[in-house]
Amino acid sequence: MRYSGFGYLSVIASVAEGAAPISGASVRVLGVDEENRDEEAFAITDIDGKAGPLRLIAPDAIYSEAPTPKEKPYAVYEVLIKKSGYYDKLFRGVAVFDGITTVIEANMIPGISGVVISGENTESNSQENPYLE
(Lines give C-alpha, C1' and ligand atoms only; values in the text may rest on other atoms or scores of the structure.)
Protein backbone atom coordinates (compact mmCIF):
# COMPACT_ATOMS: atom_id res chain seq x y z
CA MET A 1 0.00 0.00 0.00
CA ARG A 2 1.30 3.43 -0.90
CA TYR A 3 0.90 6.09 1.79
CA SER A 4 -1.25 8.98 0.58
CA GLY A 5 -2.05 10.79 3.84
CA PHE A 6 -0.14 12.98 6.22
CA GLY A 7 0.07 13.00 9.99
CA TYR A 8 2.05 15.15 12.36
CA LEU A 9 4.57 14.63 15.13
CA SER A 10 5.40 17.04 17.93
CA VAL A 11 8.06 16.62 20.61
CA ILE A 12 8.21 18.20 24.05
CA ALA A 13 11.64 17.81 25.69
CA SER A 14 12.04 18.53 29.37
CA VAL A 15 13.93 17.53 32.49
CA ALA A 16 12.61 16.58 35.94
CA GLU A 17 9.30 15.20 34.64
CA GLY A 18 8.41 18.40 32.80
CA ALA A 19 9.61 20.88 35.42
CA ALA A 20 12.01 22.62 33.00
CA PRO A 21 11.96 22.66 29.19
CA ILE A 22 15.07 21.77 27.21
CA SER A 23 15.77 24.11 24.31
CA GLY A 24 18.18 23.34 21.50
CA ALA A 25 17.67 19.57 21.53
CA SER A 26 17.89 17.95 18.10
CA VAL A 27 15.04 15.73 16.94
CA ARG A 28 15.57 13.18 14.16
CA VAL A 29 12.66 11.18 12.77
CA LEU A 30 13.06 8.12 10.52
CA GLY A 31 10.39 6.01 8.85
CA VAL A 32 10.66 2.27 9.50
CA ASP A 33 7.84 0.88 7.32
CA GLU A 34 8.50 -0.29 3.77
CA GLU A 35 6.35 2.61 2.53
CA ASN A 36 8.05 5.36 4.55
CA ARG A 37 11.61 4.09 4.80
CA ASP A 38 12.89 7.12 2.85
CA GLU A 39 11.03 9.56 5.10
CA GLU A 40 13.31 11.61 7.34
CA ALA A 41 12.67 14.81 9.29
CA PHE A 42 14.71 17.04 11.57
CA ALA A 43 13.85 19.75 14.10
CA ILE A 44 15.33 21.63 17.04
CA THR A 45 13.38 22.28 20.23
CA ASP A 46 12.53 25.91 20.95
CA ILE A 47 12.82 27.83 24.23
CA ASP A 48 9.72 25.99 25.50
CA GLY A 49 11.26 22.60 24.69
CA LYS A 50 8.88 22.06 21.75
CA ALA A 51 9.61 20.90 18.21
CA GLY A 52 7.11 20.47 15.43
CA PRO A 53 4.60 19.66 14.35
CA LEU A 54 6.56 17.81 11.67
CA ARG A 55 4.52 16.70 8.63
CA LEU A 56 5.03 12.97 7.94
CA ILE A 57 3.49 10.58 5.43
CA ALA A 58 0.94 8.08 6.72
CA PRO A 59 -1.74 5.74 5.34
CA ASP A 60 -4.97 7.47 4.31
CA ALA A 61 -7.48 7.91 7.16
CA ILE A 62 -9.91 5.56 5.39
CA TYR A 63 -7.85 2.62 6.69
CA SER A 64 -8.47 3.61 10.31
CA GLU A 65 -12.25 3.86 9.89
CA ALA A 66 -12.92 0.12 9.54
CA PRO A 67 -13.35 -1.96 12.73
CA THR A 68 -10.88 -4.56 11.40
CA PRO A 69 -8.77 -2.85 8.74
CA LYS A 70 -7.03 -5.03 6.15
CA GLU A 71 -4.12 -2.61 6.10
CA LYS A 72 -2.26 -1.10 9.06
CA PRO A 73 -3.92 2.32 9.56
CA TYR A 74 -0.78 4.15 10.72
CA ALA A 75 2.88 4.68 9.80
CA VAL A 76 5.68 3.72 12.20
CA TYR A 77 8.63 5.97 12.96
CA GLU A 78 11.68 6.08 15.20
CA VAL A 79 12.48 9.33 16.98
CA LEU A 80 15.92 10.18 18.38
CA ILE A 81 16.31 13.21 20.64
CA LYS A 82 19.79 14.53 21.49
CA LYS A 83 21.11 17.36 23.62
CA SER A 84 24.64 17.89 24.89
CA GLY A 85 24.83 17.07 28.60
CA TYR A 86 21.92 14.60 28.44
CA TYR A 87 21.53 10.96 27.51
CA ASP A 88 20.13 10.50 24.01
CA LYS A 89 16.50 9.38 24.03
CA LEU A 90 15.22 6.90 21.42
CA PHE A 91 11.53 6.21 20.86
CA ARG A 92 10.70 3.18 18.69
CA GLY A 93 7.34 2.24 17.26
CA VAL A 94 5.89 5.75 17.19
CA ALA A 95 2.52 5.58 15.38
CA VAL A 96 1.48 8.44 13.08
CA PHE A 97 -2.10 8.54 11.73
CA ASP A 98 -3.41 10.62 8.82
CA GLY A 99 -4.68 13.98 10.05
CA ILE A 100 -3.65 13.38 13.68
CA THR A 101 -0.80 14.91 15.70
CA THR A 102 1.20 12.43 17.76
CA VAL A 103 2.93 14.04 20.75
CA ILE A 104 6.07 12.63 22.38
CA GLU A 105 6.90 13.89 25.85
CA ALA A 106 10.61 13.21 26.31
CA ASN A 107 11.86 13.34 29.88
CA MET A 108 15.57 13.88 29.31
CA ILE A 109 18.08 12.65 31.88
CA PRO A 110 21.33 14.51 32.58
CA GLY A 111 24.28 12.34 31.63
CA ILE A 112 26.71 11.45 28.89
CA SER A 113 25.85 12.60 25.38
CA GLY A 114 25.97 9.81 22.80
CA VAL A 115 24.63 7.13 25.15
CA VAL A 116 21.18 6.03 23.98
CA ILE A 117 18.45 5.13 26.43
CA SER A 118 14.99 4.03 25.41
CA GLY A 119 11.90 6.19 25.60
CA GLU A 120 8.95 5.10 27.67
CA ASN A 121 7.21 1.88 26.58
CA THR A 122 9.81 1.06 23.93
CA GLU A 123 12.77 -1.20 23.49
CA SER A 124 15.99 0.31 22.24
CA ASN A 125 19.36 -0.61 20.87
CA SER A 126 21.03 1.96 18.64
CA GLN A 127 23.05 -0.80 16.97
CA GLU A 128 19.86 -2.13 15.33
CA ASN A 129 19.45 0.87 13.00
CA PRO A 130 22.66 2.27 11.50
CA TYR A 131 20.82 5.48 10.50
CA LEU A 132 20.44 6.44 14.16
CA GLU A 133 24.14 6.35 14.97
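How many of the nine residues of S7 are buried? Seven are, so strand S7 is mostly covered. Buried means under 20% relative accessible area, exposed over 50% and partly exposed in between (1.4 Å probe, protein chains only). Strands (E, at least two residues) are DSSP runs, numbered from the N terminus.

This is a predicted model, in which local features need pLDDT of at least 70, side-chain atom pairs count only at pLDDT 80 or more, and totals for chains, interfaces and linings use all residues. Residues are numbered from 1 along each chain as its sequence is written, and side-chain values use heavy atoms, with hydrogens and water left out.

**View 1. S6 and S7 form an antiparallel pair.** Six bridges join S6 and S7; strands pair if DSSP finds at least two bridges between them. Ala75 stands opposite Val96 in S7. The hairpin of S6 and S7 has five residues between the strands. There, Gly85 takes a positive phi near 90°.

**View 2. Thr102 sits in strand S8 (residues 101-108).** Thr102 is buried, at 16% relative accessible area. Its contacts (heavy atoms within 4.5 Å) include Tyr8, Leu9 and Val94, leaving aside residues up to four places away in sequence. Tyr8 is 94 residues from Thr102 along the chain, yet their C-alpha atoms are separated by 6.1 Å. A polar atom of the Thr102 side chain lies 2.8 Å from the backbone oxygen of Ala95.

**View 3. Tyr74 and Phe97 make a tilted ring pair.** Rings of Phe, Tyr and Trp (its six-membered ring) pair if their centres lie within 6.5 Å; planes under 30 degrees apart count as stacked, over 60 as edge-to-face and the rest as tilted. The count by this rule is one aromatic pair. The centres of Tyr74 and Phe97 are 5.4 Å apart and the planes are at 50°, so the pair is tilted. Tyr74 lies in the loop between S5 and S6, and Phe97 in the loop between S7 and S8. The two are 23 residues apart. Tyr74 is partly exposed at 27%, and Phe97 is partly exposed at 28%.

**View 4. Val27, Val29, Val79 and Ile81 touch the most other members of the largest nonpolar core.** Such a core is a set of buried Ala, Val, Leu, Ile, Met, Phe, Trp, Tyr and Cys residues joined through side-chain atoms within 4.5 Å. S5 gives the most, with five residues. Beyond residues up to four places away in sequence, Ile81 touches Val11, Phe91 and Met108, among others.

How values were computed: Helix = DSSP H or I, 4+ residues; strand = E, 2+ residues; numbered from the N terminus. Polar contact = N/O pair within 3.5 Å; in protein donor to acceptor, adjacent residues only side chain to side chain.
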